[in-house]
Amino acid sequence: MIGYILSIAALIVAIWLGVSVGSVKVPISTLWDTGADAIATNIVWKIRMPRVVLAGLVGASLAIAGAAFQGLLKNPLADPYTLGVSSGASVGAVATLFFGISMPFLGIYTLPVFSMIGALVTMLLVISFAKLVDRAMKMETIILTGIIFSSFLGSVISLMIALTGEELRQIISWLLGSVSMRGWSFVQMALPFVVIGTLLLWLNRRELNAMLFGEERAKHLGVNVKKRKMMILIGGSMLTGTAVAVSGTIGFVGLVVPHMTRLLFGSDNRHVLPLSFINGAALLIICDLVSRTIISPTELPIGVITSFVGAPVFAYIFFRQRKKGGN
């Protein structure tokens, strides 16, 4: 219970800071004060609030997807970024922009749908290739496979950038990772997929716990392992694809948040998943706040901030796992 209280409190503080702090300081009371200054109201409702909500959705999506991938693969280094899933989602998003793909029956959802397809295909390829190389699917094999696929997909993106014309600016801004100037339309684009993806993972929280003891044990406990694994992969890829579609590639959120959540509140996925969701939202709102205020008026890409936090944590987890393996 204490975990939920602390996490929700951190999220409330993050939202308060995200809405109030900036080049123009705005009191949080502007949200409900009908007599507030018109300029302050516009800043809050048209610029900061959609930005905070979108950052929260992206952070929550990446964190809960990372928690699910870590539980499924029994690997603390698994997350959408290190597995190459974010790169696959980026290829889907950039290809949509590059070729000007627009499906009439999808409308504004064309971009996130293609991004999700890229994420899911990449996830399946990484796992299949890792299993082909090493039946035991050791930690190093999965991570190296993810790096290989990330490198290849990165070159595909570079090729599209080299061949592009006027879309270049849009693609580059996408790849840097940002929730700046997105507006409520991007929140509307992301929200349905975030809800569906989160529900898919939440419905499999007990099965994730069962699979921690091995697939054979899970089968004896009555878990349809193949079906549940596919549901988790689809849910995680949907969340990753959506996050990349609306904000670009933002690394390490899905690694840091689930790891810290397990460290502080235990490894029961019934709690790890929702707590990662809440803490991921809080972390990315704070990272976005730092990105737009640290060298104001210039704004840093949010991916730079998350990498500064995430890379040392990644190195620490990897070092600890290697030492544990060596012992």
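1. Helices are DSSP runs of H or I with at least four residues, and they are numbered from the N terminus. This is a predicted model, in which local features need pLDDT of at least 70, side-chain atom pairs count only at pLDDT 80 or more, and totals for chains, interfaces and linings use all residues. Residues are numbered from 1 along each chain as its sequence is written, and side-chain values use heavy atoms, with hydrogens and water left out.

2. Helix α12 covers residues 269–293. Its 25 residues reach 35 Å from first C-alpha to last, close to the expected 36 Å (1.5 Å times one less than the number of residues). Of these 25 residues, 18 are buried (under 20% relative accessible area; exposed is over 50%, partly exposed in between; 1.4 Å probe, protein chains only).

3. Six salt bridges are counted, each a side-chain nitrogen of Lys or Arg within 4 Å of a carboxyl oxygen of Asp or Glu. One of them joins arginine 51 to glutamate 299, with the closest N and O atoms 2.7 Å apart. Arginine 51 is in helix α2 and glutamate 299 in the loop between α12 and α13, so the bridge ties together parts 248 residues apart in sequence. Arginine 51 is buried at 9% relative accessibility, while glutamate 299 is partly exposed at 32%.

4. Within α12, aspartate 288 and arginine 292 sit four residues apart, about one turn of the helix. Their salt bridge has its closest N and O atoms 3.9 Å apart, and both residues are buried. Arg51, Asp288, Arg292 and Glu299 are linked in a network of salt bridges.

Notes:
Helices (H or I, at least four residues) and strands (E, at least two) are DSSP runs, numbered from the N terminus.
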